[in-house]
Amino acid sequence: MTIANVIDIALLVFLGLTAFAILKLRALFAVVMLSSVFSLVSACLLVHLDAVDVAFTEAAVGAGISTVLMLATLALTARREKASTRTQALPLIVVFLTGLALVYGTLDMPRFGDPAAPIHHHVAPKYIHDTETEIGIPNIVTAVLASYRGFDTLGEVTVIFTAGIGVLLLLGAFIREPDGLKIQTMHHHLVLRVVTKVLIGPILLFALYVQAHGDYGPGGGFQAGVIFAAAFIIYALVFGLENARLALPGHAVRVLVACGVLLYGGVGIVSILFGENYLNYSVLGSTPVHGQHWGILLVEFGVGLTVSAVMVSTFYAFAGQNPPISDEDW
Amino acid sequence: MSALLIDAASWALLVLGSIFVLIGALGLVRMPDFYTRMHAAGITDTLGADLILLGLMVQAGFSLVTVKLVLIGAFLFFTSPTSTHAIANAAYTAGLRASPMDEEGDAPDEGGDSAGERP
(Lines give C-alpha, C1' and ligand atoms only; values in the text may rest on other atoms or scores of the structure.)
Protein backbone atom coordinates (compact mmCIF):
# COMPACT_ATOMS: atom_id res chain seq x y z
CA MET A 1 0.00 0.00 0.00
CA THR A 2 1.51 3.27 -1.06
CA ILE A 3 1.40 6.57 0.84
CA ALA A 4 -1.04 7.91 -1.77
CA ASN A 5 -3.47 5.10 -0.88
CA VAL A 6 -3.09 5.80 2.83
CA ILE A 7 -3.95 9.48 2.30
CA ASP A 8 -6.95 8.57 0.13
CA ILE A 9 -8.26 6.10 2.68
CA ALA A 10 -7.72 8.52 5.58
CA LEU A 11 -9.61 11.27 3.76
CA LEU A 12 -12.43 8.88 2.83
CA VAL A 13 -12.71 7.76 6.46
CA PHE A 14 -12.93 11.41 7.50
CA LEU A 15 -15.68 11.93 4.89
CA GLY A 16 -17.60 8.95 6.18
CA LEU A 17 -17.29 10.03 9.82
CA THR A 18 -18.39 13.57 8.97
CA ALA A 19 -21.41 12.30 7.05
CA PHE A 20 -22.35 10.03 9.97
CA ALA A 21 -22.03 12.90 12.43
CA ILE A 22 -24.20 15.11 10.19
CA LEU A 23 -26.86 12.37 10.20
CA LYS A 24 -26.73 11.90 13.96
CA LEU A 25 -26.58 15.48 15.22
CA ARG A 26 -29.74 17.42 15.97
CA ALA A 27 -28.04 20.80 16.55
CA LEU A 28 -28.33 22.34 13.11
CA PHE A 29 -25.56 24.88 13.65
CA ALA A 30 -23.08 22.03 14.12
CA VAL A 31 -24.56 20.27 11.09
CA VAL A 32 -23.89 23.33 8.93
CA MET A 33 -20.30 23.54 10.17
CA LEU A 34 -19.80 19.82 9.60
CA SER A 35 -21.12 20.06 6.05
CA SER A 36 -18.54 22.78 5.50
CA VAL A 37 -15.90 20.38 6.83
CA PHE A 38 -17.30 17.70 4.50
CA SER A 39 -16.79 20.00 1.51
CA LEU A 40 -13.27 20.88 2.60
CA VAL A 41 -12.30 17.23 3.01
CA SER A 42 -13.76 16.39 -0.41
CA ALA A 43 -11.76 19.30 -1.84
CA CYS A 44 -8.62 17.75 -0.33
CA LEU A 45 -9.57 14.42 -1.84
CA LEU A 46 -10.05 16.03 -5.27
CA VAL A 47 -6.67 17.78 -5.01
CA HIS A 48 -5.14 14.44 -4.24
CA LEU A 49 -6.82 12.99 -7.34
CA ASP A 50 -5.20 15.85 -9.37
CA ALA A 51 -8.59 17.42 -10.14
CA VAL A 52 -7.45 20.83 -8.96
CA ASP A 53 -10.10 22.85 -10.80
CA VAL A 54 -12.92 20.81 -9.29
CA ALA A 55 -11.31 21.00 -5.86
CA PHE A 56 -11.09 24.76 -6.17
CA THR A 57 -14.80 24.95 -7.00
CA GLU A 58 -15.70 22.59 -4.18
CA ALA A 59 -13.70 24.62 -1.65
CA ALA A 60 -15.12 27.95 -2.83
CA VAL A 61 -18.74 26.86 -3.25
CA GLY A 62 -19.15 24.02 -0.75
CA ALA A 63 -16.98 25.19 2.10
CA GLY A 64 -17.39 28.90 1.49
CA ILE A 65 -20.57 30.33 0.06
CA SER A 66 -23.02 27.51 0.79
CA THR A 67 -22.02 27.55 4.47
CA VAL A 68 -22.89 31.25 4.64
CA LEU A 69 -26.18 30.64 2.82
CA MET A 70 -27.06 27.75 5.12
CA LEU A 71 -26.29 29.90 8.16
CA ALA A 72 -28.55 32.60 6.72
CA THR A 73 -31.27 29.96 6.33
CA LEU A 74 -30.66 28.82 9.89
CA ALA A 75 -31.22 32.36 11.13
CA LEU A 76 -34.73 32.13 9.63
CA THR A 77 -35.61 28.72 11.08
CA ALA A 78 -35.02 26.79 14.27
CA ARG A 79 -31.58 25.84 15.50
CA ARG A 80 -32.52 22.30 16.41
CA GLU A 81 -33.93 19.57 14.26
CA LYS A 82 -37.24 18.12 15.45
CA ALA A 83 -37.02 14.55 16.64
CA SER A 84 -38.61 12.21 14.13
CA THR A 85 -41.49 10.13 15.46
CA ARG A 86 -41.76 7.78 12.51
CA THR A 87 -40.06 4.44 12.33
CA GLN A 88 -36.84 4.52 10.37
CA ALA A 89 -36.75 0.91 9.24
CA LEU A 90 -38.19 1.41 5.76
CA PRO A 91 -35.93 4.35 4.78
CA LEU A 92 -32.94 2.41 6.07
CA ILE A 93 -33.84 -0.61 3.93
CA VAL A 94 -34.37 1.60 0.85
CA VAL A 95 -31.04 3.38 1.38
CA PHE A 96 -29.27 0.09 1.98
CA LEU A 97 -30.69 -1.46 -1.19
CA THR A 98 -29.85 1.63 -3.24
CA GLY A 99 -26.32 1.58 -1.89
CA LEU A 100 -25.99 -2.09 -2.73
CA ALA A 101 -27.24 -1.44 -6.27
CA LEU A 102 -24.75 1.40 -6.69
CA VAL A 103 -21.87 -0.73 -5.42
CA TYR A 104 -22.99 -3.52 -7.73
CA GLY A 105 -23.05 -1.03 -10.60
CA THR A 106 -19.48 0.08 -9.93
CA LEU A 107 -18.27 -3.51 -10.28
CA ASP A 108 -18.65 -3.21 -14.05
CA MET A 109 -16.73 0.05 -14.19
CA PRO A 110 -13.04 0.06 -15.05
CA ARG A 111 -10.67 0.24 -12.10
CA PHE A 112 -9.54 3.67 -10.91
CA GLY A 113 -6.68 4.86 -13.13
CA ASP A 114 -7.01 1.92 -15.52
CA PRO A 115 -5.26 2.99 -18.76
CA ALA A 116 -7.56 0.72 -20.79
CA ALA A 117 -10.71 2.50 -19.56
CA PRO A 118 -12.93 3.76 -22.40
CA ILE A 119 -12.75 7.35 -21.16
CA HIS A 120 -9.03 7.40 -21.90
CA HIS A 121 -9.56 6.26 -25.49
CA HIS A 122 -12.52 8.14 -26.87
CA VAL A 123 -12.16 11.94 -26.77
CA ALA A 124 -9.59 12.56 -24.04
CA PRO A 125 -6.56 11.82 -26.30
CA LYS A 126 -7.89 14.30 -28.85
CA TYR A 127 -8.29 17.01 -26.21
CA ILE A 128 -4.83 16.38 -24.79
CA HIS A 129 -3.23 16.22 -28.23
CA ASP A 130 -5.02 19.10 -29.95
CA THR A 131 -5.46 21.68 -27.20
CA GLU A 132 -2.03 23.19 -27.77
CA THR A 133 -2.50 23.65 -31.52
CA GLU A 134 -6.26 24.35 -31.66
CA ILE A 135 -6.85 26.39 -28.50
CA GLY A 136 -3.33 27.39 -27.55
CA ILE A 137 -3.74 27.52 -23.76
CA PRO A 138 -1.86 25.45 -21.17
CA ASN A 139 -4.85 24.46 -18.99
CA ILE A 140 -6.63 21.68 -20.87
CA VAL A 141 -9.46 21.69 -18.33
CA THR A 142 -10.40 25.23 -19.33
CA ALA A 143 -10.08 24.34 -23.02
CA VAL A 144 -12.48 21.43 -22.58
CA LEU A 145 -14.84 23.36 -20.31
CA ALA A 146 -15.13 26.57 -22.29
CA SER A 147 -14.44 25.55 -25.88
CA TYR A 148 -14.72 21.83 -26.72
CA ARG A 149 -17.62 21.38 -24.31
CA GLY A 150 -18.92 24.93 -24.48
CA PHE A 151 -22.52 23.71 -24.84
CA ASP A 152 -22.34 21.81 -21.54
CA THR A 153 -20.98 24.84 -19.73
CA LEU A 154 -23.71 27.02 -21.25
CA GLY A 155 -26.15 24.51 -19.80
CA GLU A 156 -24.49 24.73 -16.37
CA VAL A 157 -24.65 28.52 -16.38
CA THR A 158 -28.30 28.34 -17.37
CA VAL A 159 -28.92 25.94 -14.48
CA ILE A 160 -27.34 28.43 -12.05
CA PHE A 161 -29.36 31.23 -13.66
CA THR A 162 -32.59 29.25 -13.30
CA ALA A 163 -31.79 28.31 -9.70
CA GLY A 164 -31.12 31.94 -8.86
CA ILE A 165 -34.40 33.04 -10.45
CA GLY A 166 -36.20 30.30 -8.53
CA VAL A 167 -34.75 31.42 -5.20
CA LEU A 168 -35.63 35.04 -5.93
CA LEU A 169 -39.19 34.09 -6.86
CA LEU A 170 -39.66 31.91 -3.77
CA LEU A 171 -38.27 34.48 -1.36
CA GLY A 172 -40.12 37.33 -3.00
CA ALA A 173 -37.05 39.47 -3.50
CA PHE A 174 -38.65 41.07 -6.55
CA ILE A 175 -41.28 42.77 -4.41
CA ARG A 176 -39.31 43.64 -1.32
CA GLU A 177 -37.10 46.54 -2.18
CA PRO A 178 -35.51 48.16 0.86
CA ASP A 179 -37.40 51.34 1.55
CA GLY A 180 -35.64 54.26 3.19
CA LEU A 181 -32.03 53.08 3.12
CA LYS A 182 -30.49 53.94 6.44
CA ILE A 183 -26.82 53.70 7.17
CA GLN A 184 -26.08 51.82 10.35
CA THR A 185 -23.17 53.15 12.30
CA MET A 186 -21.86 49.84 13.70
CA HIS A 187 -19.85 51.31 16.53
CA HIS A 188 -19.03 47.84 17.76
CA HIS A 189 -16.91 45.24 16.02
CA LEU A 190 -14.03 47.60 15.38
CA VAL A 191 -11.63 44.70 14.75
CA LEU A 192 -13.98 43.04 12.28
CA ARG A 193 -14.61 46.27 10.42
CA VAL A 194 -10.92 47.14 10.07
CA VAL A 195 -9.87 43.65 8.99
CA THR A 196 -12.78 43.44 6.54
CA LYS A 197 -11.77 46.74 5.00
CA VAL A 198 -8.21 45.49 4.65
CA LEU A 199 -9.29 42.16 3.15
CA ILE A 200 -12.04 43.10 0.68
CA GLY A 201 -9.62 44.65 -1.80
CA PRO A 202 -7.31 41.62 -1.96
CA ILE A 203 -10.32 39.27 -2.18
CA LEU A 204 -11.69 41.13 -5.21
CA LEU A 205 -8.22 41.23 -6.75
CA PHE A 206 -7.82 37.50 -6.17
CA ALA A 207 -11.20 36.88 -7.80
CA LEU A 208 -10.10 38.83 -10.88
CA TYR A 209 -6.82 36.88 -10.91
CA VAL A 210 -8.69 33.57 -10.78
CA GLN A 211 -11.06 34.82 -13.50
CA ALA A 212 -8.29 35.89 -15.86
CA HIS A 213 -5.89 33.10 -14.98
CA GLY A 214 -8.21 30.20 -15.84
CA ASP A 215 -6.37 29.69 -19.14
CA TYR A 216 -3.08 29.07 -17.37
CA GLY A 217 -3.93 27.32 -14.13
CA PRO A 218 -6.78 26.17 -11.92
CA GLY A 219 -9.54 28.72 -11.98
CA GLY A 220 -12.13 30.24 -14.24
CA GLY A 221 -15.51 31.83 -14.14
CA PHE A 222 -17.20 29.57 -11.61
CA GLN A 223 -14.54 29.90 -8.90
CA ALA A 224 -13.93 33.57 -9.58
CA GLY A 225 -17.64 34.37 -9.47
CA VAL A 226 -17.99 32.74 -6.07
CA ILE A 227 -14.92 34.53 -4.66
CA PHE A 228 -16.11 37.84 -6.09
CA ALA A 229 -19.50 37.33 -4.44
CA ALA A 230 -17.78 36.38 -1.17
CA ALA A 231 -16.24 39.84 -0.95
CA PHE A 232 -19.68 41.47 -1.14
CA ILE A 233 -21.20 38.97 1.26
CA ILE A 234 -18.49 39.57 3.87
CA TYR A 235 -19.12 43.30 3.46
CA ALA A 236 -22.84 42.74 4.01
CA LEU A 237 -22.16 40.53 7.05
CA VAL A 238 -19.94 43.07 8.81
CA PHE A 239 -21.32 46.41 7.69
CA GLY A 240 -24.97 45.42 7.40
CA LEU A 241 -27.19 44.52 4.49
CA GLU A 242 -28.35 48.09 3.96
CA ASN A 243 -24.84 49.35 3.37
CA ALA A 244 -24.09 46.49 1.00
CA ARG A 245 -27.25 47.37 -0.92
CA LEU A 246 -26.01 50.95 -1.19
CA ALA A 247 -22.73 49.70 -2.67
CA LEU A 248 -24.36 47.11 -4.94
CA PRO A 249 -28.13 47.62 -5.32
CA GLY A 250 -30.31 44.51 -5.53
CA HIS A 251 -31.91 45.48 -8.84
CA ALA A 252 -28.45 45.95 -10.42
CA VAL A 253 -27.42 42.45 -9.29
CA ARG A 254 -30.59 40.97 -10.78
CA VAL A 255 -29.76 42.60 -14.12
CA LEU A 256 -26.24 41.18 -13.91
CA VAL A 257 -27.66 37.68 -13.33
CA ALA A 258 -29.13 37.78 -16.81
CA CYS A 259 -26.19 39.66 -18.38
CA GLY A 260 -23.75 36.79 -17.83
CA VAL A 261 -25.94 34.20 -19.60
CA LEU A 262 -26.67 36.76 -22.34
CA LEU A 263 -22.94 37.33 -22.85
CA TYR A 264 -22.33 33.58 -23.08
CA GLY A 265 -25.15 33.03 -25.55
CA GLY A 266 -24.25 36.21 -27.42
CA VAL A 267 -20.74 34.95 -28.13
CA GLY A 268 -22.39 31.92 -29.75
CA ILE A 269 -24.69 34.12 -31.84
CA VAL A 270 -21.75 36.26 -32.97
CA SER A 271 -19.88 33.18 -34.12
CA ILE A 272 -22.99 32.16 -36.13
CA LEU A 273 -23.06 35.64 -37.72
CA PHE A 274 -19.43 35.17 -38.75
CA GLY A 275 -20.46 32.00 -40.54
CA GLU A 276 -19.40 29.32 -38.07
CA ASN A 277 -21.21 26.91 -35.76
CA TYR A 278 -22.76 28.09 -32.51
CA LEU A 279 -20.03 28.64 -29.88
CA ASN A 280 -17.19 27.97 -32.31
CA TYR A 281 -14.85 30.81 -31.39
CA SER A 282 -12.33 30.32 -34.19
CA VAL A 283 -13.81 33.17 -36.24
CA LEU A 284 -13.70 35.76 -33.46
CA GLY A 285 -10.03 36.68 -33.87
CA SER A 286 -7.48 37.22 -36.60
CA THR A 287 -6.36 33.59 -36.38
CA PRO A 288 -8.40 30.61 -35.15
CA VAL A 289 -6.25 30.25 -32.00
CA HIS A 290 -6.59 33.96 -31.30
CA GLY A 291 -10.34 33.65 -31.76
CA GLN A 292 -10.41 30.76 -29.27
CA HIS A 293 -8.62 32.95 -26.73
CA TRP A 294 -11.18 35.72 -27.17
CA GLY A 295 -14.10 33.30 -27.00
CA ILE A 296 -12.87 31.57 -23.84
CA LEU A 297 -12.16 34.91 -22.16
CA LEU A 298 -15.64 36.28 -22.93
CA VAL A 299 -17.46 33.08 -22.07
CA GLU A 300 -15.61 32.73 -18.76
CA PHE A 301 -16.44 36.33 -17.97
CA GLY A 302 -20.12 35.58 -18.62
CA VAL A 303 -19.93 32.58 -16.30
CA GLY A 304 -18.26 34.65 -13.57
CA LEU A 305 -20.83 37.42 -13.92
CA THR A 306 -23.83 35.12 -13.61
CA VAL A 307 -22.36 33.05 -10.77
CA SER A 308 -21.37 36.03 -8.63
CA ALA A 309 -24.65 37.86 -9.29
CA VAL A 310 -26.71 34.76 -8.41
CA MET A 311 -24.70 34.26 -5.20
CA VAL A 312 -25.04 37.89 -4.12
CA SER A 313 -28.75 38.13 -4.93
CA THR A 314 -29.44 34.80 -3.19
CA PHE A 315 -27.67 36.13 -0.12
CA TYR A 316 -29.62 39.40 -0.33
CA ALA A 317 -32.86 37.44 -0.60
CA PHE A 318 -32.06 35.30 2.45
CA ALA A 319 -30.58 38.03 4.59
CA GLY A 320 -33.34 40.48 3.64
CA GLN A 321 -35.86 38.25 5.43
CA ASN A 322 -34.23 38.96 8.79
CA PRO A 323 -34.94 42.17 10.63
CA PRO A 324 -31.71 44.18 10.71
CA ILE A 325 -29.80 43.95 13.98
CA SER A 326 -29.59 47.33 15.60
CA ASP A 327 -26.46 48.59 17.31
CA GLU A 328 -28.05 48.42 20.74
CA ASP A 329 -28.52 44.68 20.51
CA TRP A 330 -24.81 43.98 20.45
CA MET B 1 25.06 19.36 0.33
CA SER B 2 22.92 22.46 0.23
CA ALA B 3 20.00 20.41 -1.09
CA LEU B 4 20.39 18.17 1.95
CA LEU B 5 20.45 21.21 4.26
CA ILE B 6 17.31 22.64 2.61
CA ASP B 7 15.55 19.30 2.96
CA ALA B 8 16.57 18.99 6.60
CA ALA B 9 15.46 22.55 7.42
CA SER B 10 12.10 22.20 5.68
CA TRP B 11 11.46 18.79 7.26
CA ALA B 12 12.29 20.17 10.69
CA LEU B 13 9.86 23.08 10.15
CA LEU B 14 7.14 20.80 8.76
CA VAL B 15 7.43 18.31 11.62
CA LEU B 16 7.50 21.10 14.21
CA GLY B 17 4.41 22.68 12.63
CA SER B 18 2.63 19.33 12.59
CA ILE B 19 3.47 18.82 16.27
CA PHE B 20 1.92 22.19 17.08
CA VAL B 21 -1.20 21.30 15.08
CA LEU B 22 -1.37 18.06 17.03
CA ILE B 23 -1.01 19.94 20.35
CA GLY B 24 -3.77 22.30 19.24
CA ALA B 25 -6.08 19.42 18.37
CA LEU B 26 -5.31 17.69 21.67
CA GLY B 27 -6.02 20.87 23.58
CA LEU B 28 -9.26 21.36 21.70
CA VAL B 29 -10.45 17.99 22.95
CA ARG B 30 -8.98 18.07 26.45
CA MET B 31 -9.44 21.67 27.62
CA PRO B 32 -12.25 22.17 30.14
CA ASP B 33 -14.23 25.14 28.79
CA PHE B 34 -14.84 27.26 25.72
CA TYR B 35 -12.21 29.95 26.20
CA THR B 36 -9.36 27.62 27.03
CA ARG B 37 -10.33 25.47 24.06
CA MET B 38 -10.09 28.51 21.84
CA HIS B 39 -6.66 29.21 23.23
CA ALA B 40 -5.63 25.71 22.12
CA ALA B 41 -7.21 26.18 18.70
CA GLY B 42 -5.21 29.37 18.28
CA ILE B 43 -1.98 27.35 18.32
CA THR B 44 -3.16 25.48 15.21
CA ASP B 45 -3.91 28.69 13.35
CA THR B 46 -0.77 30.60 14.19
CA LEU B 47 2.26 28.49 15.07
CA GLY B 48 1.19 25.31 13.29
CA ALA B 49 0.06 26.85 10.03
CA ASP B 50 2.89 29.38 9.86
CA LEU B 51 5.62 26.81 10.54
CA ILE B 52 4.18 24.48 7.89
CA LEU B 53 4.02 27.36 5.41
CA LEU B 54 7.62 28.28 6.28
CA GLY B 55 8.71 24.70 5.69
CA LEU B 56 6.99 24.70 2.29
CA MET B 57 8.65 28.03 1.44
CA VAL B 58 12.08 26.60 2.23
CA GLN B 59 11.27 23.69 -0.04
CA ALA B 60 10.02 25.94 -2.88
CA GLY B 61 13.02 28.29 -2.90
CA PHE B 62 12.89 31.68 -4.58
CA SER B 63 9.96 31.16 -6.94
CA LEU B 64 6.37 32.20 -7.64
CA VAL B 65 5.20 29.43 -5.32
CA THR B 66 6.98 31.12 -2.41
CA VAL B 67 5.27 34.41 -3.24
CA LYS B 68 1.90 32.66 -3.14
CA LEU B 69 2.80 30.96 0.15
CA VAL B 70 3.78 34.33 1.64
CA LEU B 71 0.39 35.70 0.53
CA ILE B 72 -1.41 32.74 2.13
CA GLY B 73 0.57 33.38 5.30
CA ALA B 74 -0.40 37.05 5.24
CA PHE B 75 -4.08 36.11 4.84
CA LEU B 76 -3.86 33.69 7.76
CA PHE B 77 -2.04 36.35 9.79
CA PHE B 78 -5.02 38.66 9.34
CA THR B 79 -7.95 36.28 9.33
CA SER B 80 -7.28 33.73 12.06
CA PRO B 81 -6.86 36.21 14.96
CA THR B 82 -9.91 38.04 13.62
CA SER B 83 -12.04 34.90 13.57
CA THR B 84 -10.81 33.97 17.05
CA HIS B 85 -11.75 37.44 18.22
CA ALA B 86 -15.17 37.22 16.56
CA ILE B 87 -15.92 33.81 18.11
CA ALA B 88 -14.81 34.92 21.58
CA ASN B 89 -16.76 38.15 21.25
CA ALA B 90 -19.89 36.30 20.15
CA ALA B 91 -19.59 33.86 23.06
CA TYR B 92 -19.10 36.73 25.53
CA THR B 93 -22.06 38.64 24.08
CA ALA B 94 -24.21 35.53 24.33
CA GLY B 95 -23.42 35.42 28.07
CA LEU B 96 -20.81 32.68 28.27
CA ARG B 97 -18.26 33.42 31.00
CA ALA B 98 -14.97 31.67 31.72
CA SER B 99 -15.46 28.91 34.26
CA PRO B 100 -13.98 29.95 37.61
CA MET B 101 -11.24 27.93 39.26
CA ASP B 102 -11.90 26.41 42.66
CA GLU B 103 -9.53 26.53 45.67
CA GLU B 104 -7.08 23.90 44.43
CA GLY B 105 -6.74 25.60 41.07
CA ASP B 106 -8.70 22.88 39.23
CA ALA B 107 -11.38 23.82 36.79
CA PRO B 108 -14.84 22.50 37.69
CA ASP B 109 -15.65 19.32 35.85
CA GLU B 110 -19.03 20.21 34.41
CA GLY B 111 -17.39 21.46 31.23
CA GLY B 112 -17.93 24.61 29.24
CA ASP B 113 -21.62 24.32 28.43
CA SER B 114 -22.88 24.91 31.95
CA ALA B 115 -20.37 27.64 32.70
CA GLY B 116 -22.69 30.30 31.37
CA GLU B 117 -25.26 29.82 34.14
CA ARG B 118 -22.79 30.50 36.96
CA PRO B 119 -23.17 33.73 38.85
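Helix 7 (residues 150–171) of chain A and helix 12 of chain A have axes that come within 10 Å and cross at roughly 20°. Helices here are DSSP runs of H or I with at least four residues, strands are runs of E with at least two, and both are numbered from the N terminus. The axes are lines fitted to C-alpha atoms, for helices over the stretch in contact, and angles run from 0 to 180 degrees between N-to-C directions. That crossing angle is why helix 7 of chain A counts as roughly parallel to helix 12 of chain A. The cut-offs are under 35 degrees for roughly parallel, over 145 for roughly antiparallel, 65 to 115 for roughly perpendicular, and oblique for the rest. The crossing of helix 7 of chain A past helix 12 of chain A is left-handed, a label used if the near helix is turned anticlockwise from the far one by less than a right angle, with right-handed used if clockwise. On the helix 7 side of chain A, the contact includes A:Gly150, A:Val157, A:Phe161 and A:Leu168, and on the helix 12 side of chain A it includes A:Val299, A:Val303, A:Val310 and A:Phe318. Two residues are in contact if their C-beta atoms, placed from the backbone, lie within 7 Å. By class, this contact of helix 7 of chain A with helix 12 of chain A holds 12 nonpolar, 7 polar and no charged residues. Ala, Val, Leu, Ile, Met, Phe, Trp, Tyr, Cys and Pro count as nonpolar, Asp, Glu, Lys and Arg as charged, and the others, Gly among them, as polar.

All of this comes from a predicted model, in which local features need pLDDT of at least 70, side-chain atom pairs count only at pLDDT 80 or more, and totals for chains, interfaces and linings use all residues. Residues are numbered from 1 along each chain as its sequence is written, while chains are lettered from A and ligands numbered from 1 in the order in which they are written.

Helix 12 (residues 288–319) of chain A also packs with helix 6 (residues 140–148) of chain A, this time at an angle of about 85° with the axes 9 Å apart. Helix 6 of chain A is therefore roughly perpendicular to helix 12 of chain A. A:Thr142, A:Ala146 and A:Ser147 of helix 6 of chain A meet A:Gln292, A:Gly295, A:Ile296, A:Val299 and A:Glu300 of helix 12 of chain A. Sorted by class, the residues of this contact between helix 6 of chain A and helix 12 of chain A come out as 3 nonpolar, 4 polar and 1 charged.

A:Val312 is another residue of helix 12 of chain A. A:Val312 counts as buried because 28 other C-beta atoms lie within 10 Å. The cut-offs are 20 or more other C-beta atoms within 10 Å of a residue's own for buried, 12 or fewer for exposed, and anything in between for partly exposed, with C-beta atoms placed from the backbone. Leaving aside neighbours within four places in sequence, A:Val312 is in contact with A:Ala229, A:Phe232, A:Ile233, A:Leu248 and A:Val253. A:Val312 and A:Ile233 sit 79 residues apart along the chain, yet their C-alpha atoms are separated by 6.7 Å.

Two loop residues of chain A are worth a look. A:Leu279 is found in the loop between helix 11 (250–273) and helix 12 of chain A, and its phi is near 65°, a positive value in a residue other than glycine. With 22 other C-beta atoms within 10 Å, A:Leu279 is buried. A:Asp50, in the loop between helix 2 (28–48) and helix 3 (52–76) of chain A, also has a positive phi, near 65°, and is not a glycine. A:Asp50 counts as exposed, with 8 C-beta neighbours inside 10 Å.

Zooming out, chain A has 12 helices and 0 strands, and its C-alpha trace spans about 65 × 55 × 35 Å along its principal axes. Buried residues make up 31% of its 330 residues. Of the contacts in chain A with a separation of 6 or more, 71% are between residues 24 or more positions apart. Chain A is divided into domain 1 (1–109) and domain 2 (134–330), with bounds that come from an automatic or database domain assignment. In chain A, 14 residues of domain 1 are in contact with 18 residues of domain 2. The domain 1 side of that contact in chain A divides into 10 nonpolar, 3 polar and 1 charged.

Chain B has 3 helices and 0 strands, and 10% of its 119 residues count as buried.
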